[in-house]
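Subject: Structure for your files

Dear colleague,

Here is the structure I said I would pass on. My notes on it follow below.

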Amino acid sequence: AIEQEIKAFEKETEEAKALQRSLKREIRLIGISIKKLEKELERTELALQKSRGEIAASEKKIGELQAEIAHEHASLREILLTVDQDDDASLLVLLLNSQNLSRFWEGIQALGSLQEEIAGKITKIKTLKTAEELALATLETQEEQERQLLELQKSERAELAHQKITKEVLL
């Protein structure tokens, strides 16, 4: 809708330029230009609002990823402490402490499953870190786009103020 209105103002500008050169023509051209700039400002403001929403969503996603990474690190730390404690005992001590041979083998198998769990946690942490890096890169891009939109808005406002002053001088 805004794009159509801007195009309509551009068409009006072309029609007004076709008129004979006069003060009335210049005032009309400036009036049309002011309306067009106001619509462009509106479009830029909508783009800024969208950009801010995307940035907020990216920041939330990054926070969630960081929380999950911290949780996985803590979980991995617990597993590694358990493995470290079990590594301090020799197989003979483990065998003597076991009530029977089947419990001894269960303990050995549990160590094997802990190692698989460690590998799984490390893989998950790497995946989460990659996702976090991607989200941070996306956030940087979004923030740069927002800076560009703010510069455009500043420029549009300055041009609008200039056009309004010009119109006042002509009136």
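Arg147 has a relative accessibility of 45% and so counts as partly exposed; this and every other value here comes from a predicted model. Its side chain meets that of Glu144 in a salt bridge, with 3.0 Å from N to O. Glu144, at 34% relative accessibility, is partly exposed as well.

Elsewhere, salt bridges with shared partners tie Glu68, Glu72, Lys121 and Lys124 into one network. Within it, the side chains of Lys124 and Glu68 form a salt bridge at 3.6 Å, N to O. Lys124 is partly exposed, its relative accessible area being 36%, and Glu68 is partly exposed at 32% relative accessibility.

Another salt bridge joins the side chains of Lys164 and Glu38, at 3.8 Å from N to O. Here too distant parts of the chain are linked: Lys164 lies in helix 4 and Glu38 in helix 2 (residues 23-88), and the two are 126 residues apart. Lys164 has 39% relative accessibility and counts as partly exposed. Glu38 has 36% and falls into the partly exposed class. The structure holds 14 salt bridges.

Is Glu146 buried or exposed? At 17% relative accessibility Glu146 is buried, because the class takes in residues under 20%. Glu146 is part of helix 4, which spans residues 101-170. Apart from neighbours within four places in sequence, Glu146 is in contact with Leu48, Ser51, Arg52 and Ile55.

As for the chain as a whole, its secondary structure consists of four helices and zero strands, in the order α-α-α-α from the N terminus. The chain has 171 residues, of which 26% are buried. Of the contacts between residues at least 6 apart in sequence, 82% join residues at least 24 apart. The accessible surface of the chain is about 12000 Å², and carbon and sulfur atoms account for 55% of that surface.

Regards

Terms used
Residues are numbered from 1 along each chain as its sequence is written. This is a predicted model: local features need pLDDT of at least 70, side-chain atom pairs count only at pLDDT 80 or more; totals for chains, interfaces and linings use all residues. Side-chain values use heavy atoms; hydrogens and water are left out. Buried means under 20% relative accessible area, exposed over 50%, partly exposed in between (1.4 Å probe, protein chains only). Contact means heavy atoms within 4.5 Å. Accessible areas come from the Shrake-Rupley method with a 1.4 Å probe; for residues, only the protein chains shown count as cover. A salt bridge is a side-chain nitrogen of Lys or Arg within 4 Å of a carboxyl oxygen of Asp or Glu.
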